[in-house]
Amino acid sequence: MLVILGLGLIGGSLARALRDSGFSSRCVAWGHRESSLQRGVELGIIDDYTLDLDAAVDAADILVIATPTLIAEQMLERILPRLKERPQPPVITDVASVKGNLQRVAETVWGGMPPRLILGHPIAGSEHSGVEASDPNLFVNHRVILTPVEGNDAAALALVRAMWASTGAEVVDMAVAEHDQVLAATSHLPHMLAYALVDALAGSDASEDIFRFAAGGFRDFTRIASSDPVMWRDIALANRAALLEAIDLFSGHLAGLREAIADQQGNELLATFTRAKGARDAFAALLAARGQPPA
Ligand SMILES: NC(=O)C1=CN([C@@H]2O[C@H](COP(=O)(O)OP(=O)(O)OC[C@H]3O[C@@H](n4cnc5c(N)ncnc54)[C@H](O)[C@@H]3O)[C@@H](O)[C@H]2O)C=CC1
Ligand SMILES: O=C(O)C(=O)Cc1ccc(O)cc1
């Protein structure tokens, strides 16, 4: 039986995708808010739910942790000692946006990487959250990164790979440190920039006019500042070192741009914008080839 801990956007979307694909016929969820679990049953996303974490863990063949990142750490701390007692523990995986913190916690609690814990991260989602926003097609044509480590059980890895493949995702493997570094640059930094920009402008005296006359570029750049604050607080803290590096790299580039503007270095500005446009256009072409909209 598939058990999902935390039935929100990602947990709910996964449950729906796995039901549609026939990968799992029965799915139960555990969570801390009974109303959203009830809603999951009403929407036909899960068969049942429980508020008893031990019961949920004991019933699982596959356990997917789909809570915010720092709660996922707490989940591992709670459930791993119990699973160590089981002769055949379930396969455990997760969807959290940072992997290094979970690997560290798991290794500390278990005394090495638990063989049947396969850490993973779907690179698909949105600024919306909660089970109501879940979508069975969320992962189609999107990447899912798995970060298997030495000592992971081959059958457990194969099962998690098959689970994600059945949602229509492309599954790729990556080292934990590389994952956290790459995602800090491509996902975590852009969210920090969007939050910082909106916060800076909203706090300025002219904020009313700024939002009234904002153009499409502002909308495109800041959509992700509508993302869940708890989720992003957790990601920023969990991926602190890699995110600080990404912020410093970016700050250097922004300072360079500021200098070029101040010194009226038109050629410098043109060169920067031309390079960036080329890279962004190539990225848009890559997305189009993968069947994803470029915007
Ligand atoms: N939203 C996105 O676009 C993506 C999110 N992720 C990761 O997936 C995970 C889940 O994110 P979403 O589904 O977007 O969030 P969500 O807010 O939609 O769902 C989170 C779930 O965890 C539960 N939860 C929250 N605090 C809890 C606590 N203290 N104890 C027990 N349960 C608790 C909530 O009730 C909810 O069911 C996060 O780790 C996030 O970093 C990964 C890829 C994309
Ligand atoms: O809304 C968007 O554009 C996102 O970037 C969604 C997202 C959020 C967090 C992740 O770990 C992965 C994907």
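## Around ligand 1

How do the residues of the shell around ligand 1 divide into nonpolar, polar and charged? In this predicted model, the shell comprises 12 nonpolar, 13 polar and 2 charged residues. Altogether 27 residues surround ligand 1, and the closest are Gly 6, Gly 8, Ile 10, Gly 125 and Ser 129. The elements that give two or more residues to this shell are helix H1 (9–21), helix H4 (69–84) and H10.

Domain 1 (2–174) and domain 2 (179–263) each supply at least three residues to the shell around ligand 1.

## Around ligand 2

For ligand 2, the surrounding residues are Ser 97, Ile 123, Gly 125, Ser 126, Glu 127, Ser 187 and Ile 224. By class, this shell holds 2 nonpolar, 4 polar and 1 charged.

## Helix H7

Now trace helix H7, which covers residues 176–202. Its 27 residues, at 1.5 Å a residue, should span 39 Å, and the end C-alpha atoms are 36 Å apart, which agrees. Along the way, H7 has a kink of about 50°, centred on Ala 184.

Ala 184 is also buried, as are His 179, Asp 180, Leu 183 and His 188 of H7. What do the buried residues of H7 pack against? Their partners are helix H5 (100–110), strand S7 (120–122), strand S8 (143–146), helix H10 (229–238) and helix H11 (240–262).

Note on methods:
Residues are numbered from 1 along each chain as its sequence is written. Chains are lettered from A and ligands numbered from 1 in the order in which they are written. This is a predicted model: local features need pLDDT of at least 70, side-chain atom pairs count only at pLDDT 80 or more; totals for chains, interfaces and linings use all residues. Helices (H or I, at least four residues) and strands (E, at least two) are DSSP runs, numbered from the N terminus. The expected span of a helix is 1.5 Å times one less than its number of residues. The bend at a residue is the angle between axes fitted to the seven residues ending there and the seven starting there. A residue is buried if 20 or more other C-beta atoms lie within 10 Å of its own, exposed if 12 or fewer, and partly exposed in between; C-beta atoms are placed from the backbone. Two residues are in contact if their C-beta atoms, placed from the backbone, lie within 7 Å. A residue is near a molecule or strand if its C-beta atom, placed from the backbone, lies within 6 Å of it. Ala, Val, Leu, Ile, Met, Phe, Trp, Tyr, Cys and Pro count as nonpolar, Asp, Glu, Lys and Arg as charged, and the others, Gly among them, as polar. Domain bounds come from an automatic or database domain assignment.
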